[in-house]
Structure formats: structure tokens, C-alpha cells
Amino acid sequence: MEEENDRVTLHGMWISTYAKKVELALKIKGIAFDYVEEDLSNKSSLLLKYNPIHKKVPLLLHRGKPLSESLVILEYIDETWNNLQPLLLPENPYERATVRLWASYCLQISDTMKKAFISARDVEEGAFDELFEILKVMEEGMKDFFPGGRSKICAENLGLLDIIIVCSLATYKAAEEVVGMKILDPEKNPFVYSWVTTLLELPLVKETLPPHDKLVSRLDFIKKNGFRFQSNV
Ligand SMILES: N[C@@H](CCC(=O)N[C@@H](CS)C(=O)NCC(=O)O)C(=O)O
């Protein structure tokens with residue numbers, strides 16, 4: 001009965017970098033959950049009922065209660081399962097506040113990447129400029145935030161910023177292949193590049209994020225046809 005009460009269900013969509021952040025956080029903390037793949041062109045009645053404001057994934061149900069908005073859910077997970085390591089946010093209030101600030105800034109990568117892709121036919125006209133600007137700010141900010149570099153990365157010590165940056169940029173390689181230009185440039189963004197590529201190599205991250213070929217096929221479809229919800233290509 002206890003188990004049933006504690007049930008966790010995540011509604012996501014395979015290419016949603018927002019939903020992936022929640023999925024990765026649950027896995028990092030070792031929290032058992034059920035997963036429901038949403039078809040966003042035909043949303044489930046549960047998604048419409050429990051996220052009536054935005055009707056978006058991720059949606060998390062815990063003990064039958066709904067939570068939406070990825071950052072809100074990530075903080076909820078950390079606070080609810082604060083007995084499970086790793087802690088995604090630091091305990092010191094000032095450090096927590098600083099991580100929150102960077103987390104909400106970094107979340108813009110997902111939306112900006114999506115917007116850039118919708119107009120990816122205008123690559124020459126700077127469709128990715130907004131994204132490049134965010135990456136530049138992240139590059140400088142993170143160098144100060146992790147003065148000694150983000151060293152010794154492993155699944156046991158991942159934090160909120162690791163989760164957000166790696167999921168936000170999960171599609172970068174596939175996107176580069178489809179649009180034929182560098183998006184995460186090791187010369188312009190050496191810190192973020194090395195951070196993200198190291199995170200992408202972690203087995204837990206690899207098994208959570210979509211496979212490269214599936215991403216290429218979906219992004220190619222979006223580039224040619226515009227953004228339409230499809231659970232599969
Ligand atoms: N701010 C939201 C964004 C979530 C979001 O944009 N989800 C997209 C999929 S990536 C969605 O469900 N879109 C459905 C719709 O717009 O109707 C979050 O952080 O969770």
C-alpha cells in the first residue's frame with residue numbers, strides 16, 4: 001500500500017528536452033517511476049486534466065498529485081527525496097539561489113534551440129544568433145561558477161545545472177548535422193563544450209537521451225516541414 005501511495009508517473013515525449021531533464025533527475029536519484037509517452041498531437045486526457053494551464057510535458061504525478069514545469073518538478077524531486085543522493089541543489093541558501101538563477105537562464109536554451117530550428121531555413125540570416133548569445137553568457141558565467149572547472153563528473157555527483165545543460169543541448173550534434181553548421185563550437189565555447197560532451201558520455205545520460213539517428217531524422221523533418229507534433233517520425 002505504501003508503495004502504491006508513493007507512485008511516481010512521468011508523462012513525457014521522447015524528443016522533449018524538458019521532459020528528459022525530469023527523467024534524468026529521477027534516474028540519477030534512483031527513484032522508480034512509470035513512464036507515459038505522450039502524443040502531443042493527441043494529448044492524453046490525464047495531461048489535459050492535470051496540466052490545464054499549459055497542457056505541456058513534462059507532467060509528474062506523485063501520490064496522485066500533479067506537478068508541471070520542468071524546473072518546479074526538478075526542485076520538487078530534490079526536496080521530496082532529500083534523503084537520496086546526490087542532492088541536485090546545494091544546501092547553502094546563497095549557493096542554492098545562484099544555482100536557481102543559472103538554471104532558469106540555462107532553460108532558455110531548449111526554447112531558443114526549438115525556435116531556431118523552426119526558422120532553420122534562414123540559417124544564413126542568423127536563426128541561431130539568440131542561442132549563440134546564450135551560450136556565450138553561459139560560457140563566461142560557468143567559468144566563474146566552477147572556478148576550478150567542472151571536474152570529476154560522474155552520475156553520483158550530478159547537480160541541477162548538469163542536468164539542465166546536458167538535456168538542453170542533447171540535440172546539438174544532430175542539429176549540427178541537419179543544419180550543416182557548428183552550434184556548440186569548442187573554439188567559442190570551450191568550457192560548455194567540454195562540460196556537455198563529458199556529460200553526454202555518462203552511461204546513465206546516454207541511456208536516457210534519444211539516439212542520434214532518431215534525432216537527426218526528426219530534426220530533418222522539422223527543418224523541412226516546420227514544427228508539428230508527432231510522437232514518432
Ligand atoms: N516551460 C515548460 C516547457 C515545456 C514544453 O515546452 N513542452 C513541450 C514539449 S518540448 C510541450 O509539451 N508542448 C506541447 C504544446 O505546446 O502544446 C517546462 O519547463 O516544462
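Modeller: The ligand sits in the largest pocket, where a molecule counts as sitting in a pocket if more than half of its atoms lie within 2 Å of the pocket's grid points. A pocket here is an open set of points on a 1 Å grid over the protein atoms alone, where a 1.4 Å probe fits and protein lies on both sides within 12 Å along at least five of seven lines. This is a predicted model, in which local features need pLDDT of at least 70 and side-chain atom pairs count only at pLDDT 80 or more, while totals for chains, interfaces and linings use all residues. Residues are numbered from 1 along each chain as its sequence is written, and side-chain values use heavy atoms, with hydrogens and water left out.

Of the 11 residues around the ligand, K43, K56, V57, E69 and S70 come nearest, a residue being near if one of its heavy atoms lies within 4 Å. The shell divides into 5 nonpolar, 2 polar and 4 charged residues; Asp, Glu, Lys and Arg count as charged, Ala, Val, Leu, Ile, Met, Phe, Trp, Tyr, Cys and Pro as nonpolar, and the others, Gly among them, as polar.

Polar contacts, meaning pairs of N or O atoms within 3.5 Å, can be followed residue by residue. A backbone N or O atom of V57 lies 2.8 Å from a nitrogen atom of the ligand, and an N or O atom in the side chain of E69 is also 2.8 Å from a ligand nitrogen atom. For S70, a side-chain N or O atom is 2.6 Å from an oxygen atom of the ligand. The protein covers 84% of the 520 Å² of accessible area that the ligand has on its own, as computed by the Shrake-Rupley method with a 1.4 Å probe.

The backbone at two of these residues deserves a look. Most residues other than glycine have a negative phi, and most peptide bonds are trans. The bond from V57 to P58, however, is cis, with omega near 5 degrees, and P58 is placed in the loop between α3 (45-50) and β3 (59-62). Helices (H or I, at least four residues) and strands (E, at least two) are DSSP runs, numbered from the N terminus. E69 has a positive phi, near 75 degrees, and lies in the loop between β4 (65-68) and α4.

Notes. A polar contact is a pair of N or O atoms within 3.5 Å; within protein, one must be able to donate a hydrogen and the other to accept it, and residues adjacent in sequence count only if both atoms are side-chain atoms. On a 1 Å grid over the protein atoms alone, a cavity is a set of points where a 1.4 Å probe fits but cannot get out, and a pocket is an open set with protein on both sides within 12 Å along at least five of seven lines; lining residues have an atom within 4 Å of a point.
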